[in-house]
Amino acid sequence: MFRLAYIFSYNLLQFCGHTWILANTVARFLSFGRDALADMFYSVGLVTSLCQLMSFLELFHIADGIEKAKLLPRFIQVAERNLIMFTLVTLEEVQSKPAVCVLLFLWNILDLLRYPHELVCVMDKPSPVMLWARYTLWIPIYILSAASEGFTIYHVLLDLWAPESDSPTAIARSSSSSSSSSSSSSSLQFLLILAACLTILTLGVSVTVRQLLQERQQQLDRPNKKKKK
């Protein structure tokens, strides 16, 4: 009973958090249009960061058997999101880019497809429509979100390799001649982090999409088999 109450509370909290983020994002765009990009992250960044950090608990849920899912795809998804969130999106010169806003929007759509489904599964069996939305819409939206993640990394790479007069990152790197060696070292470390992001992203897309297709076949074929019987 305690496990059911805990997992219900967790999914409800995540659902409320992502609903607030999405509603705030849409409201700001309707009110300010493209100007909302300038401080979008400041308005939803804290709640988004908390929701992404909380998602690490899902790894313990799967390991403990509270949630029935495969550990590796979920680990890759959680790791890639938090790595991108806390190494790229938190950079001030990256936050206002349209790709970041699209990325946060797609993340929320994905989670608003998953957490209501998990909530209903705790209490009862989900409807065929909810099952179809969870296991069919999730696949193309996940691919789009992965593409947005890659596009965000691409933008940061452009900033790193752009001419020093044009790139905010390069300007910060060359602002002091006495710290040029330490700046070069930090830039190299950052490039390694970006390489790790791309590696995890590529691995995550291949593993997760395959897993999603398998789950979709299992979940959507089950009602059809029961009807035939």
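Q: Is the crossing of α1 and α6 left-handed or right-handed?
A: This model is predicted. The axes of α1 and α6 come within 8 Å of each other. Their crossing is left-handed.

Q: How are α1 and α6 oriented to each other, roughly parallel or roughly antiparallel?
A: The axes of the two helices, α1 and α6, cross at roughly 150 degrees. Angles over 145 degrees count as roughly antiparallel. The orientation of α1 and α6 is therefore roughly antiparallel.

Q: What distance separates the end C-alpha atoms of α1?
A: Helix α1 has 31 residues, which at 1.5 Å a residue should span 45 Å. The computed separation of the end C-alpha atoms agrees with that expectation, at 45 Å.

Q: Which residue with a positive phi follows α1?
A: Helix α1 covers residues 2-32. The phi of the residue that follows α1 is near 65 degrees, and that residue is glycine 33.

Q: Against which helices do the buried residues of α1 pack?
A: The buried positions of α1 include Ile7, Tyr10, Gln14, His18, Ile21 and Arg28. The helices against which the buried residues of α1 pack are α2 (40-54), α3 and α6.

Q: Is isoleucine 21 buried or exposed?
A: Isoleucine 21 is found in helix α1. A residue is buried when its relative accessible area is under 20%. With a relative accessibility of 0%, isoleucine 21 therefore counts as buried.

Q: How many Å apart in space are isoleucine 21 and asparagine 108, C-alpha to C-alpha?
A: Isoleucine 21 touches Val44, Val47, Thr48, Cys51 and Asn108, leaving aside residues up to four places away in sequence. In sequence, isoleucine 21 and asparagine 108 are 87 residues apart. Their C-alpha to C-alpha distance in space is 7.4 Å.

Q: Which helices hold arginine 114 and glutamate 58?
A: The side chains of arginine 114 and glutamate 58 meet in a salt bridge, with an N to O distance of 3.2 Å. The pair ties together parts that are 56 residues apart in sequence, because arginine 114 and glutamate 58 lie in helices α6 (residues 98-123) and α3 (residues 57-64), respectively.

Q: How far apart in sequence are the parts tied together by aspartate 111 and arginine 81?
A: The closest N and O atoms of the salt bridge between aspartate 111 and arginine 81 are 2.8 Å apart. Aspartate 111 lies in helix α6 and arginine 81 in helix α4, so the parts that the pair ties together are separated in sequence by 30 residues.

Q: Which residues are linked in a network of salt bridges?
A: Side chains of opposite charge can pair when their charged atoms come close. The network of salt bridges links Glu58, Glu67, Arg74, Arg81, Asp111 and Arg114.

Q: How many of the residues of α4 are buried?
A: Helix α4 spans residues 71-89 and reaches 26 Å from its first C-alpha to its last, close to the 27 Å expected. This helix, α4, is mostly covered, with a buried count of 14 of its 19 residues.

Q: What percentage of the residues in the chain is buried?
A: The secondary structure of the chain comes to nine helices and zero strands. Among contacts between residues at least 6 apart in sequence, 76% join residues at least 24 apart. Of the 229 residues in the chain, the buried share is 42%.

Note on methods
Residues are numbered from 1 along each chain as its sequence is written. This is a predicted model: local features need pLDDT of at least 70, side-chain atom pairs count only at pLDDT 80 or more; totals for chains, interfaces and linings use all residues. Side-chain values use heavy atoms; hydrogens and water are left out. Helices (H or I, at least four residues) and strands (E, at least two) are DSSP runs, numbered from the N terminus. The expected span of a helix is 1.5 Å times one less than its number of residues. Buried means under 20% relative accessible area, exposed over 50%, partly exposed in between (1.4 Å probe, protein chains only). A salt bridge is a side-chain nitrogen of Lys or Arg within 4 Å of a carboxyl oxygen of Asp or Glu. Contact means heavy atoms within 4.5 Å. Axes are lines fitted to C-alpha atoms, for helices over the stretch in contact, and angles run from 0 to 180 degrees between N-to-C directions. Angles under 35 degrees count as roughly parallel, over 145 as roughly antiparallel, 65 to 115 as roughly perpendicular and the rest as oblique. A crossing is left-handed if the near helix is turned anticlockwise from the far one by less than a right angle, and right-handed if clockwise.
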